[in-house]
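Here is a short briefing to read alongside the model. Please keep the structure open as you go through the points.

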Amino acid sequence: MVIEHIEKSWKAYRKNFWPIITAMVLQFILVGIPFLIGIIPWVFIFLSYRTVDMITLLMSNLGALSFSLIMFAIGFLISIALTGGFVKMLYEALRGKTKYETMLKTAKEKFWTIIGANSLFILILLVLFIAVFSPLFILTGFSTTFSGAGSLTLLITIFSIATLGSILIILVSIFFVFINQAIVIDNLNAIDSVNKSFEVSKKSYLTILGLMIIFILLNSALVNLFSFFGTVLEAFVVTPLLLLSYTSVYLEKRRKK
């Protein structure tokens, strides 16, 4: 089942190679512009304050800091919206042919819905993060009271909480992988798209997990074996293939009662 979705995604990717690559380059440019604008003032600031410590530097340039944070936030929001638009492109690719204009049009039309749904997802993960890792913060706060064998026990406990907590957050996040698909394919609003993602992912949980594991291993192999070239392949080949595979799963499972 997992391999079937990967094969289907590979065929769609090859058939729509140039529109997909063009869209990804556009994402990089459009997201990079506000980030670059936010960084530029600090180039001149760092050149002017070479011997000042970082805290003093930031406090002396609160206006520039606020401006940069706003630009970074704009870039982040554009990235989220374009990712949603990109999913609509991949949906079209799985059905035949697509074009990069689809990404731009969808991101514009569904901007606030995509932002709202993904913000809700981030909020859910934030609450989960606080709930899972709050014991870790408490333990590290009392770390100075342990010594000898107690320190080893504390270290093992902290490592276990961090590891199991991270795994739990990843496993829970699987229920939200279809948020953008629900918005751009089924035209749902923010709250309904989160519910739809949860509903569909329950029926395909193991398939999603399998895809995630395969692509994580693939990414790791590419980066370790081919270094920079592997990173490029990860960004422009593996990432769209993963999103294509997720979209393929969504299209299959959303039709099943």
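D186 is partly exposed at 22% relative accessibility, a class between buried (under 20% relative accessible area) and exposed (over 50%), with a 1.4 Å probe and protein chains only. This is a predicted model, where local features need pLDDT of at least 70, side-chain atom pairs count only at pLDDT 80 or more, and totals for chains, interfaces and linings use all residues. Residues are numbered from 1 along each chain as its sequence is written, and side-chain values use heavy atoms, leaving out hydrogens and water.

**Salt bridges**
- There are three salt bridges, each a side-chain nitrogen of Lys or Arg within 4 Å of a carboxyl oxygen of Asp or Glu.
- D186 pairs with R254, with the closest N and O atoms 2.4 Å apart.
- Because D186 sits in helix α8 (residues 179-186) and R254 in the segment after α10, this pair ties together parts 68 residues apart in sequence.
- R254 is partly exposed too, at 26%.
- K196 bridges to E199 at 3.8 Å between the closest N and O atoms, and both lie in helix α9 (residues 190-203), three residues apart.
- K196 is buried at 16%, whereas E199 is partly exposed at 39%.

- Beyond its neighbours within four places in sequence, I20 is in contact (heavy atoms within 4.5 Å) with Y13, F86, M89, L90 and P240.

Methods. Helices (H or I, at least four residues) and strands (E, at least two) are DSSP runs, numbered from the N terminus.
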